[in-house]
Structures are given as C-alpha cells and as structure tokens.
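Thanks for coming, everyone. I will walk you through one structure, piece by piece.

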Amino acid sequence: MTDKLRIALAQLNPIMGDLSGNLAKARAARASVPEADVILFAEMFITGYPQEDLVLKRALQDDAREAVETLAADTKDGGPAVLMGMPWREEGMLYNAVALLEEGRIAARTLKHDLPNYGVFDEKRVFSSGPLTGPLSVRGVRIGVPICEDIWTPEVVECMAETGAEILLVPNGSPYEVGKEDVRLNLITERVVESGLPLVYLNQVGGQDELVFDGASLVVNADKSVAWALPAWREETVLTHWRKENGIWVCAPGEKAPSEDRLQSMYQAMVLGLRDYVNKNRFPGVVLGMSGGIDSALSAAVAVDALGKDRVRCVMMPSRYTSRDSLDDAKACAELLGVAYESISIEKAVEAFGLTLSPVFAGKKADTTEENIQSRIRGLILMAISNKFGPMVLTTGNKSEMSVGYATLYGDMCGGYNVLKDIYKMDVFALCHWRNAHLPSGGFGPQGLVIPERIITKPPSAELRENQKDEDSLPPYEILDAILLCLVEKEMAFEEIVALGYEPATVKRVEHLLYISEYKRRQAPPGVKIGPRNFGRDRRYPITNAFRDAR
Ligand SMILES: Nc1ncnc2c1ncn2[C@@H]1O[C@H](COP(=O)(O)OP(=O)(O)OC[C@H]2O[C@@H]([n+]3cccc(C(=O)O)c3)[C@H](O)[C@@H]2O)[C@@H](O)[C@H]1O
Ligand SMILES: Nc1ncnc2c1ncn2[C@@H]1O[C@H](COP(=O)(O)OP(=O)(O)OP(=O)(O)O)[C@@H](O)[C@H]1O
Ligand SMILES: NC(=O)CC[C@H](N)C(=O)O
C-alpha cells in the first residue's frame, strides 16, 4: 500500500465546444507533470462549462467521448492517470460526469448527484442526477470525486467518507461572484470537518459569455489548514505532494496566492470576462463611444487592460451639446490609455434626420425623441465601424442605468458586450479610483493615472440637451443605488425599504422604472456577472408584468 501520492491540479481555461483545443490543452498539462500519479481537470473541462442546451446535441456528446478516449489512450504510457470532466450517456440518460482514465482506457466514472438549478444554473434542464456513490481507486488510493455542487450540501461527501474515501478531489465550474471566495472556503471547511478528509478544490478559469470563472483553486488538509491557494484569473498547473501520516493523507504546503479585496476582484473579473469574450469569439478588438464621461472612460480602461491599447478604438462623437470639458476629458483619457482616438461629429446626421422627420413631426415639441436620435446616430456610427473594420462595439451602460431604463434602445445600448452591466454607478466611481491607484494583475494597460480626476468628479450628464444632468431625471446615485440594492439584489418588500428611511415616493418611482424597463434589459447585450443577481442568467423577470408591491 502506497504512502505517497503526487496529485497535479490543472487550473485551465477551456473554450466552449472546442473539443480538439481543450484536448490539446489537457495533453499539454499532463505532459508537463510526468511524475504525477493523477491529474485533475475542472468540471466538464473537455467541452467547457456550462454548455447549456449545446450539451443535448448528440454530436457534441460523441465528440467529447472521442476526445476523452484519445486522452485515455495516452495513459498507456504509464504516466499520470487523469480525472476528466465530460458529459456521460448511459442507458438513455445524460449525466454530468468525471471519467478516470488509466492504463489506456476509461477505467471508471463518477456521476454528479446534486444538480444546481438556481441562480445562473439550469442543470436539471439537461442532466439526470447520478446516484450517491463511493470512491474510485487511483493507484490503490480511494479517491472521492464529488462534482462541484455535490460539496454544497453534506450528503454526497458523507456517503463517500462512509464508503472509504481517503481524499476528496473536487472538480468545479464555479463562477465568480463578489465575496464567493469566503463562501467556498467555509463550505470546504465544513465538508473537511464533517468527513475528516482533505479536500482538493479545483476550479476552472476564464470567461464564458456572462460568467467568468476565477480559478482560485485550493487544497485544504484534514486539519482545516490551507496547503495550497492557487492564484485567481490565471491558468496554472501545479504538482502537489501527499504523504500518509497516521492513516491520514496530508498535502505538503505550496503556493499561497494572496486573496483579493472587493474592488480588485471586481476589476479583474471585468478584464477577464471581456478578454475571453472578445478572443474566444475572434474579434480583432473593440470600438466604443468615448464621451468624456465616467462610464465610457472606465469601459475603455478595462478594454485596454483586457486587450492592449492597440486593440481598442475610441470615438468621440460630438454634437452641439457636447461641452468643451467633455472634449478635453475624452481626449486626455484616451491619451493616458494610449488608444487610437478620433472625433466624428454627429451634427450633419442630426440635421439630416431633423429635415427628414420635419414633415412628420410638424407642430410637435422637441422631447426625448430628438435626444434618442442623437444616441442612435452614435450607435449607427459605431456599428458601421464594426462592420467595416471588425471590432466589436462595447456598450457602457452601468447597472444603475440598466435597472431604470436610462439608456436608449438601439442607441447607446447598441453593441456586443458590456463590462459595466453588473456594476452600480457608485462602484463605477470606486473602480475608477481603484484603477488609477493599481495595475490589475495580467493587465495590458499602463500603470498610474488612466482616468483624469475631473471625469470622476464632475456631475454625470448624458449631454443630449442643454445643461442636462442625470440627477434631473434620477434620484442621486447614492440613493438610487441603495434602493436598487434592496429591490434587485435582495428582493425586499416596499415597506421594508421605506422602513430603512427612504422616501416612499422615490422607492415607488424606482420600483416602477425597474419594472417598466424589463424590455430594454431583455434586448441588452450580455455583460460580465459580478454580483449575486445579474440581469440575464440570475434575475429573470417577465416583461409583461402588472404586479406592483402595494403593501
Ligand atoms: N414593454 C415594451 N416592450 C417593447 N418595447 C417597448 C416597451 N415599452 C416601450 N417600448 C419601446 O421603447 C421605446 C422607448 O425606449 P427608448 O427609445 O430607448 O426611449 P426612452 O426610454 O423613452 O428614452 C431614453 C431615456 O434614456 C436616457 N438616456 C439616453 C441615452 C443615454 C443615457 C445615459 O445617460 O446613459 C440616458 C434619456 O435621457 C431618456 O430618459 C418606445 O418608444 C417603444 O417603442
Ligand atoms: N459625445 C459622445 N461621443 C462619443 N460617445 C458618446 C458621446 N455621448 C455619449 N456617448 C456614448 O453613449 C454612452 C452613454 O452616454 P451618456 O453620456 O449619454 O451617459 P453616461 O451613462 O453618463 O456615460 P458616460 O459616463 O460615458 O458619459 C457613453 O458611455 C458613450 O459610449
Ligand atoms: N457547477 C456547479 O455545480 C456550481 C454550483 C456551485 N453552487 C457554485 O457556484 O460553485
């Protein structure tokens, strides 16, 4: 019976549906740790996770099986055994599984029991639940392999421990969310304490549409000490060394990446979410409207950190309402970021639309119609640049605006992806300060000031008419964000929010705006999930909705 084991952890970034690319990545990782006994990959690594309905396609299931069999054949070399996440078909059912590859074949498999079906997850829609099972035997050691959600409640681990597991190796597809690091460590510690077993928590890294996986994999020994903490946001394959001491497997300590504070992790998530969306969808870069305001400035900074200055194009599109300060601030910000910057006036197009519509609008007063036309002309110009040169249009509406519909459909909402979609305005301010003081890890942008101070301090304005300020139409952002936090993130009742001291009329108005703008959010581009309740996968509301909280 062995008393030493070497377990490799492959914290990698798969591409959804790229079976040959993911297989190549897995082979390279395995080849990099020839002395390992076993190498662990993340949940559904061979296909990417979450596949949503794509996993129901038989052709994908077959290709995944073929790729895993190719990898299994590699294990004839006597090198590391492999634990690989894959969709698994058995007796007409489809499971979320991990296959053990050893001695040239798929030697065993374990099936996920607890299928998450809340928040961003819909696994019951596509997978059947596997039975409670015992451990697999790897090099004579009994390894329990709960899959992600399987460790979020005690049952699966309890069964594995009772049936003789000695170590828990847990592949995950656990998306980032502010504060989730602590939630995960608490859960892991609970399972370790209940089972008395050490636990390896291996998470995927990378962006997949609205989700971004942070990695931040962990090894926690049976005494609850953290032996390894892999860095967030980066790929890494490491070899961990284990020894059996007094009947308990102990992992020798290794790398301990420092944990990140709230703003840093939010910024890093935005960077990786955008980078992977743009690169995995093969765009040469992004283009955005640079207004001299804070939202486009922060979006541009994230884009430069994600892609590098040469892949970001910023366009100022002045109208008669654009102030001198806006022109100067937009240019100054672009210069600090080092991006391509140009100015395209919308005046002639505005005039042309005015002329074209004048017979139709005769006798009507100017209103938001004319404001929206300006915004739509800007959207049209950006889409034309996208069509002609290939960059994806980045939209810039933050979560406060998206909550109350303060954006123009087919205007400033027109584009492909939005890094601010899940960031409230007060956090936009804080993130600008954070970025001016820090360079994100792996960021391609310059160090030091990138967003001129005046952009952060001046009152936000859409500049769609004379002297317009956001606060003419909306409550001050401190109040708006606080009420939205109650309504969107916490689903609090009207009377509970009023009890916190907010004016009933303001709460009612915000609630009303939130409900009536659902149609806009349904047509909005995707954006990276940051908080516990993003618009899109987390919070799914009806558009047609007569309900109002009357209590
Ligand atoms: N339930 C529903 N389902 C489907 N479509 C629906 C709908 N309700 C209205 N609509 C359609 O939507 C139209 C109204 O939406 P839309 O055309 O967007 O226009 P609307 O929401 O009326 O105006 C845009 C607002 O956003 C503000 N804004 C614009 C641009 C930038 C910023 C900023 O600071 O970032 C702020 C602007 O000041 C104004 O208050 C209606 O005319 C109707 O066609
Ligand atoms: N003059 C402009 N030149 C280029 N783009 C513009 C201009 N005005 C608005 N936009 C684009 O439309 C988006 C919405 O801008 P708007 O100024 O109306 O509101 P905002 O939400 O305060 O954004 P920002 O803080 O970036 O100004 C901007 O982020 C920008 O991408
Ligand atoms: N893929 C999963 O099962 C993930 C679910 C789990 N609750 C998490 O967010 O980490």
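First, a caution. This is a predicted model.

Let's begin with the site. The UniProt entry, which is unreviewed, carries the annotation "binding site". That annotation covers Gly289, Met290, Ser291, Gly292, Gly293, Ile294, Asp295, Ser296 and Thr396. These residues are spread over 108 residues of sequence, yet they cluster in space. The largest C-alpha distance among them is 12.3 Å.

Take two of them. Ser296 is found in helix α7, residues 294–307. Is Ser296 buried or exposed? Ser296 is buried, because 24 other C-beta atoms lie within 10 Å and the cut-off for buried is 20 or more. Leaving out residues up to four places away in sequence, Ser296 touches Leu288, Gly289, Met290, Ser291 and Thr396.

Now Thr396. Thr396 lies in the loop between β19 (392–395) and α11 (399–404). Thr396 is buried too, with 27 other C-beta atoms within 10 Å. What does Thr396 contact, leaving aside neighbours within four places in sequence? The list is Leu288, Asp295, Ser296, Ser299, Asp412, Asn418 and Leu420.

Next, the sheet. Five strands form an open sheet, and the pairing is parallel. What is the strand order? Read it as β18-β17-β16-β19-β20. Strands of a sheet pair through backbone hydrogen bonds. Which strands stand at the edges? They are β18 (340–343) and β20 (417–418). Each has a single partner strand, so one side of each is left without a neighbour in the sheet.

Look inside the sheet. Strand β16, residues 286–289, is joined to β17, residues 312–316, by four bridges. Gly289 has Val315 in β17 as its bridge partner. Gly289 is also one of the residues under the "binding site" annotation.

Helices pack here. Helix α7 packs on the sheet and touches β16, β17 and β19. The direction of α7 makes about 165° with that of β16. Helix α10, residues 368–389, lies across β16, β17 and β19. Helix α10 runs at about 165° to β16.

Helix α7 has another partner. Helix α6, residues 262–280, packs with α7 at an angle of about 65°. Their axes are 8 Å apart. The crossing of α6 and α7 is right-handed. Which residues make the contact? From α6 we have Met270, Val271, Leu274, Arg275 and Val278. From α7 we have Val302, Ala303, Asp305, Ala306 and Leu307.

Compare that with helix α9, residues 347–361. Helix α9 has a kink of about 30° at Leu355, shortly before the proline Pro359. How many of the 15 residues of α9 are buried? The count is zero, and α9 is hardly covered. After α9 comes Gly363, whose phi is positive, near 85°.

One more helix. Leu484 sits in α15, residues 477–489. Leu484 is buried, with 23 other C-beta atoms within 10 Å. Leu484 and Tyr424 are 60 residues apart in sequence, but 8.9 Å apart in space, C-alpha to C-alpha. Not counting residues up to four places away in sequence, Leu484 touches Ser400, Ser403, Tyr424 and Val510.

Now some antiparallel strands. Strand β3, residues 81–90, joins β4 through nine bridges, and the two run antiparallel. Val82 is paired with Leu101 in β4. The hairpin of β3 and β4 has two residues between the strands, and Glu91 there takes a positive phi near 45°. Why call β4, residues 93–102, largely enclosed by the rest of the structure? Because eight of its 10 residues are buried.

On its other pairing, β4 meets β5, residues 105–111, in the antiparallel sense over six bridges. Glu102 stands opposite Arg105 in β5. In the hairpin of β4 and β5, Glu103 takes a positive phi near 50°.

Last stop: β8, residues 167–172. Six of its six residues are buried. In a regular strand the side chains alternate between the two faces of the sheet. Both faces of β8 are covered. On one side sit Ile167, Leu169 and Pro171, and on the other Leu168, Val170 and Asn172. Strand β7, residues 141–144, runs parallel to β8 and is joined to β8 by two bridges. There, Ile143 has Ile167 as its bridge partner.

How values were computed:
Residues numbered from 1 in each chain as written. Chains lettered and ligands numbered in written order. Predicted model: local features only at pLDDT ≥ 70, side-chain atom pairs only at ≥ 80, totals over all residues. UniProt positions renumbered as here; feature names shortened; annotations may be inferred. Buried ≥ 20, exposed ≤ 12 C-beta atoms within 10 Å, placed from the backbone. Contact = placed C-beta atoms within 7 Å. Pairing = 2+ DSSP bridges. Axes fitted to C-alpha atoms, helices over the stretch in contact; angles between N-to-C directions. Bend = angle between axes of the 7 residues up to and from the residue. Left-handed = near helix turned anticlockwise from the far one by under 90°.
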